[in-house]
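Take a walk through this structure, one pair of elements at a time. Keep the model open as you read.

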Amino acid sequence: MSDWTCRKRKTSICIVDEAGRPSHQGRIESDPGVLAAIIAKKAPHAERVGLETGAMSSWLWHELKRTGLPVVCIDARHAHAALSVRMNKSDENDARGLAELVRVGWYREVAVKSEESQTARSILVCRSRPVRIRRDLENQMRSMLKECGLLFPRAASGQFQRRVNDLIADGHALSPIVRPLLSVHEKTCGELEKIDRTIRRLAREDETTRRLMTVPGIGVVTALTYRHTIDDPSRFQNATKVGAYLGLTPRRRQSGEMDITGKISRLGDRLLRTYLFEAASVLLHRTKRWCSLKAWGLRLAKRSGMKKAQVAVARKLAIILHCMWVDGTEFEWGKQPA
């Protein structure tokens, strides 16, 4: 058994035998080649090689897999719960504790995304940043114009710039203040359009993503985010597990006679959870065609409120998308009752 904790340039490593006795401990460079060499020298017949989730864990996992090592990635939160009972906190003690967890098998393995999904996820995360910047710039300019009594309806990026230019024309006092913001807004929209073209190309080339887009409310970005966040649908025992994985199921605290059901956990991927919530809102408010899922959501909204209904529909969408992916089917609208 061997394990380590990565700290950027240096890595603490610990190798233990079947009885749990450490046979080697030390600090080496955080390089897959160096790690593989020391494991091959000190533990040539290692049964499991464990590493904790972190910024470099995905890269290290893929590189060590290529060398043929039986590497597993351990959930950092699960490991922290076990290591927090130790009196002294250090990298060496953490590596020793993680090695013990791997030896006894008391750990939760994390599914590492494929390199293709990792790249696609990086593009999607990159897109979310300029979207947020564009929204903040538009809100800032709207606020400043509103203080001067200049109002205009909702508009898209290009239309927004034209409306603002029309309002601050003829030497308006806000012109030298707003025009720099407009310049940044125009540059942000241009770069965002380039990212969107890349995302549309990735969606066209993937048959699974195109099939997921047949669901009402699911667009290009949401379908591609779901495709590369889940990555491998077979790692879930059933489709209902996807809702809990994305943090869309309520927390529960039960002890004795106390049984409290709280709000959703929000423990999963925040980006995908946000997109599914937006897709649920589009399905309930903008989709004109009738479907059984929309009817179910609207009935739930009458009983529990629209926000809870949107969360429930988002969870349903996550489950439906998983079933469609596994079965290779398209969305079934259902028959509207007479």
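**Helix pairs and hairpins**

H6 and H7 are roughly antiparallel to each other, because their axes meet at an angle of about 165°. This is a predicted model. Find helix H6 at residues 157–167 and helix H7 at residues 175–205. Their axes lie 10 Å apart. The crossing of these two helices is left-handed.

Now look at who touches whom. H6 brings Ser157, Phe160, Gln161, Val164 and Asn165 to the contact. H7 answers with Val178, Arg179, Leu182, His185, Glu186 and Cys189. Sorted by class, the contact of H6 with H7 holds 5 nonpolar, 4 polar and 2 charged residues.

Move on to a second pair. Helix H12 covers residues 292–304, and helix H13 covers residues 306–327. Their axes come within 7 Å and cross at roughly 150°. Angles over 145 degrees count as roughly antiparallel, so H12 and H13 are roughly antiparallel to each other. Here the crossing is right-handed.

On the H12 side, the contact is made by Leu293, Trp296, Gly297, Leu300, Ala301 and Ser304. On the H13 side, look for Met306, Lys308, Ala309, Ala312, Val313, Lys316, Leu317 and Ile320. The residues of this contact divide into 10 nonpolar, 2 polar and 2 charged.

A third pair sits earlier in the chain. Helix H1 spans residues 32–42, and helix H2 spans residues 57–66. They pack at an angle of about 50°, with axes 10 Å apart. That angle makes H1 oblique to H2. H1 passes H2 in a right-handed crossing.

The H1 residues in this contact are Pro32, Leu35 and Ala36. They meet Trp59, Leu60, Glu63 and Leu64 of H2. By class, the contact of H1 with H2 has 6 nonpolar residues, no polar ones and 1 charged.

Turn next to the strands. Strand S2 (residues 10–16) and strand S3 (residues 22–29) run antiparallel, joined by 7 bridges. One place to look is Thr11, whose bridge partner in S3 is Ile28.

Strand S6 takes in residues 250–255, and strand S7 takes in residues 258–264. They pair in the antiparallel sense over 5 bridges. Ser255 stands opposite Met258 in S7. This hairpin has 2 residues between its strands. Gly256 takes a positive phi there, near 65°.

How confident is the prediction in each part? The protein averages a pLDDT of 91. A score of at least 70 is reached by 97% of the residues. Among the elements, helix H9 (residues 220–230) has the highest mean pLDDT, at 97. Strand S1 (residues 2–7) has the lowest, at 55.

Terms used
Residues are numbered from 1 along each chain as its sequence is written. This is a predicted model: local features need pLDDT of at least 70, side-chain atom pairs count only at pLDDT 80 or more; totals for chains, interfaces and linings use all residues. Side-chain values use heavy atoms; hydrogens and water are left out. Axes are lines fitted to C-alpha atoms, for helices over the stretch in contact, and angles run from 0 to 180 degrees between N-to-C directions. Helices (H or I, at least four residues) and strands (E, at least two) are DSSP runs, numbered from the N terminus. Angles under 35 degrees count as roughly parallel, over 145 as roughly antiparallel, 65 to 115 as roughly perpendicular and the rest as oblique. A crossing is left-handed if the near helix is turned anticlockwise from the far one by less than a right angle, and right-handed if clockwise. Contact means heavy atoms within 4.5 Å. Ala, Val, Leu, Ile, Met, Phe, Trp, Tyr, Cys and Pro count as nonpolar, Asp, Glu, Lys and Arg as charged, and the others, Gly among them, as polar. pLDDT is the predictor's confidence in each residue, from 0 to 100. Two strands pair if DSSP finds at least two bridges between them.
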